Amino acid sequence: MNENRDRLRIAVQKSGRLSEVSLDLLRRAGLVFRASRDRLFLYGENLPVDVLLVRDDDIPGLLVEGSCELGIVGRNVLDEQRLAAPEQPAPAEVRALGFGGCRLAIAVPDGSAITAVSDLAGLRIATSYPALLADWLRQQGITAEIVVLNGSVEIAPRLGKAHAICDLVSSGATLAANQLHELVTVMRSEAVLAVSPRAQTAATTAQIERLRARIGGALSGDGVRLLMLQAPRSALPAITQLLPARDVPSVLSLDGRPEDVAMQALCTTALDWQHLEELKRLGAHGLMVLNVERMLA
Ligand code: ATP
Ligand code: ZN
């Protein structure tokens, strides 16, 4: 950690696609924040962790210089910065976070003569991700001209600025609205937790590890349900076979009812009424499905 600070700092996008989801994840990891007057800083009230709210493009730089130990940012932004400045120590990806999913893709105008990757040779491609695009073109052995645009990349072909674009796509609706279609995916991206290359002291490492474990716990609870039921011991094999269980279910004996057991199972797939009815048919009763909020292995 920065020698002048004994609190961890985590950079999060101020306003955009990742802002709310990122803060929500930190809250689910147990952090309670108080906003500063200028709303650029969230002070951690229950842990020595503060949040800095910034433009997503600034996050890799803050990590490189060590102003923040952690950041939540799209892999596309992180990798672009790493490839653009290979001489700098790069922030490392601690883990993917399962939201902000998108892909960096090359798209061409509907009806264009470009139908294969090799057709891009010698053409102009507009993008806000020149380093990622250059790296991919190099890997493909294609020489093309990269036109760097910082916004409205999708209108570049209509303006005659480029033959193709390389931009982020999630549903593809923006491409369709601009009479473009996807040719090829350059990279897949999602939001990631990234760590500063300067965060190396023992105290920082321990604090980061604690937060990482908490975030992991909050994420592993996503979509996980706890199924509780009681059943005759003899029905256990059939019930166990039917369960979409994540781990081995716990089976508990019940006081004064030797024929019966109580069972708890963590399930990752949805448990709908049909599942419950089938379990009931096999002899289960007292069925209950609960959302799992957080888990610590
Ligand atoms: P900022 O003002 O912070 O610079 P921005 O306009 O660069 O914001 P957003 O559009 O909010 O950024 O996107 C933030 C991140 O969300 C992207 O870097 C990407 O990782 C992810 N993302 C997910 N789906 C999409 C999409 N369809 N288009 C763009 N980004 C997407
Ligand atoms: Zn941005």
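## Domains

Domain bounds here come from an automatic or database domain assignment. On that basis, the protein chain of this predicted model splits into three pieces: domain 1 takes in 8–100 + 191–220, domain 2 covers 102–188, and domain 3 runs over 225–291. If you take the centres over C-alpha atoms, domain 1 and domain 3 sit 40 Å apart.

## The seven-stranded sheet

Let's start with an open sheet of 7 strands, with mixed pairing. Reading across, the order goes β2-β3-β4-β1-β5-β12-β6. At the edges you'll find β2 (33–35) and β6 (92–96); each has a single partner strand, so one side of each has no neighbour in the sheet. On average, neighbouring strands are turned by 25 degrees against each other, direction ignored.

Zooming in on one pair, β3 (residues 41–44) and β4 (residues 49–54) run antiparallel, paired over 2 bridges. Here F41 stands opposite L52 in β4.

## Helices on the sheet

Helix α1 (residues 19–28) packs on this sheet and touches β1 (8–13), β2, β3, β4 and β5 (70–74). The direction of α1 makes about 150 degrees with that of β1.

Helix α3 (residues 75–84) packs on the sheet too, touching β5, β6 and β12 (191–195). For α3, the angle with the direction of β5 is about 105 degrees.

## Helix α4

Now for α4, which spans residues 130–140 and has A131, L132, L133, W136 and L137 as its buried residues. What do the buried residues of α4 pack against? Their partners are helix α3 plus the strands β7 (102–109), β8 (124–127), β9 (145–148), β10 (164–169) and β11 (180–189).

After α4 comes G141, with a positive phi near 70 degrees.

Terms used. Residues numbered from 1 in each chain as written. Chains lettered and ligands numbered in written order. Predicted model: local features only at pLDDT ≥ 70, side-chain atom pairs only at ≥ 80, totals over all residues. Heavy atoms only, no water. Pairing = 2+ DSSP bridges. Helix = DSSP H or I, 4+ residues; strand = E, 2+ residues; numbered from the N terminus. Axes fitted to C-alpha atoms, helices over the stretch in contact; angles between N-to-C directions. Contact = heavy atoms within 4.5 Å. Buried < 20%, exposed > 50% of the residue type's maximum accessible area, 1.4 Å probe, protein only.
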